[in-house]
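The sequence and the structure are shown first, and the description follows.

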Amino acid sequence: VQLQASGGGLVQAGGSLRLSCTPSTHTAAMAWFRRAPGKEREFVAAIDSGDRTNYAFSVKGRFAISRDNAVNTAYLQMNSLKLEDTAVYYCAADPEIDIPTAVAAAYDYWGQGTLVTVSS
């Protein structure tokens with residue numbers, strides 16, 4: 001199973017980006033995690049097949065996760081970006097677990113990562 005993630009890039013602080021993630025097969029819960037330079041991987045947001053969502057406190061109110069089941073794609077709309085949002089963002093998905101969990105070990109499938117760089 002492959003997860004194709006895209007949408008990363010360079011943006012100024014206060015700007016917006018939208019990430020996309022398209023699995024090669026049906027999935028239930030989908031999520032985004034990130035790893036900033038010199039830091040551990042951390043949870044960002046998750047969504048289940050019923051559109052229930054879960055967010056890290058650091059992004060709540062700025063980021064929005066959504067999915068379009070017709071095209072089997074999840075999105076992460078990132079607004080009001082801050083310097084500390086700079087990281088490699090990873091898409092994750094699972095074929096069976098259908099809750100928007102923040103637990104990385106719950107997800108069997110992982111994408112290759114897309115770099116988001118926020119500049120001042």
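Both cysteine 21 and cysteine 91 are buried in this predicted model. Their sulfur atoms lie 1.8 Å apart and form a disulfide. One disulfide is found when the whole structure is searched. The bond links distant parts of the chain, with cysteine 21 in strand β3 and cysteine 91 in strand β9, 70 residues apart. The torsion about the S-S bond of cysteine 21 and cysteine 91 is about -80°, so the disulfide is left-handed.

**Overall architecture**

The secondary structure of the protein consists of eleven strands and zero helices. The C-alpha trace spans about 40 × 30 × 25 Å along its principal axes.

Of the 120 residues, 48% count as buried. The accessible surface comes to about 6,000 Å², and carbon and sulfur atoms account for 49% of this surface. Among contacts between residues at least 6 apart in sequence, 59% join residues at least 24 apart.

In soluble globular proteins, nonpolar side chains tend to be buried together. The largest nonpolar core here has 37 residues, and those touching the most other members are Trp32, Val44, Phe63, Leu76, Met78, Tyr89 and Tyr107. At least two residues of this core come from each of β1 (3-6), β3 (17-23), β4 (30-35), β5 (41-47), β7 (63-68), β8 (73-78), β9 (87-93) and β11 (114-119).

**The loop between β8 and β9**

Aspartate 85 is located in the loop between β8 and β9, and threonine 86 is found in that loop as well. Aspartate 85 counts as buried because its relative accessibility is 0%. Threonine 86 has a relative accessible area of 17% and is buried, since the cut-off is under 20%.

| Side chain | Backbone atom | Distance |
|---|---|---|
| Aspartate 85 | Nitrogen of lysine 82 | 2.7 Å |
| Threonine 86 | Oxygen of leucine 83 | 3.0 Å |
| Threonine 86 | Nitrogen of valine 118 | 2.9 Å |

Not counting residues up to four places away in sequence, aspartate 85 touches Arg34, Arg62, Phe63, Ser80, Val116 and Val118. One of these, Phe63, is also among the core residues that touch the most other members. With neighbours within four places in sequence left aside, threonine 86 is in contact with Ala36, Pro37, Val116, Thr117 and Val118.

**A residue in another loop**

Serine 58 is found in the loop between β6 (53-55) and β7. With a relative accessibility of 38%, serine 58 counts as partly exposed. Serine 58 and arginine 35 are 23 residues apart in sequence, and their C-alpha atoms are 14 Å apart in space.

Definitions and conventions
Residues are numbered from 1 along each chain as its sequence is written. This is a predicted model: local features need pLDDT of at least 70, side-chain atom pairs count only at pLDDT 80 or more; totals for chains, interfaces and linings use all residues. Side-chain values use heavy atoms; hydrogens and water are left out. A nonpolar core is a set of buried Ala, Val, Leu, Ile, Met, Phe, Trp, Tyr and Cys residues joined through side-chain atoms within 4.5 Å. Buried means under 20% relative accessible area, exposed over 50%, partly exposed in between (1.4 Å probe, protein chains only). Helices (H or I, at least four residues) and strands (E, at least two) are DSSP runs, numbered from the N terminus. A polar contact is a pair of N or O atoms within 3.5 Å; within protein, one must be able to donate a hydrogen and the other to accept it, and residues adjacent in sequence count only if both atoms are side-chain atoms. Contact means heavy atoms within 4.5 Å. A disulfide is a pair of cysteine sulfur atoms within 2.5 Å. Accessible areas come from the Shrake-Rupley method with a 1.4 Å probe; for residues, only the protein chains shown count as cover.
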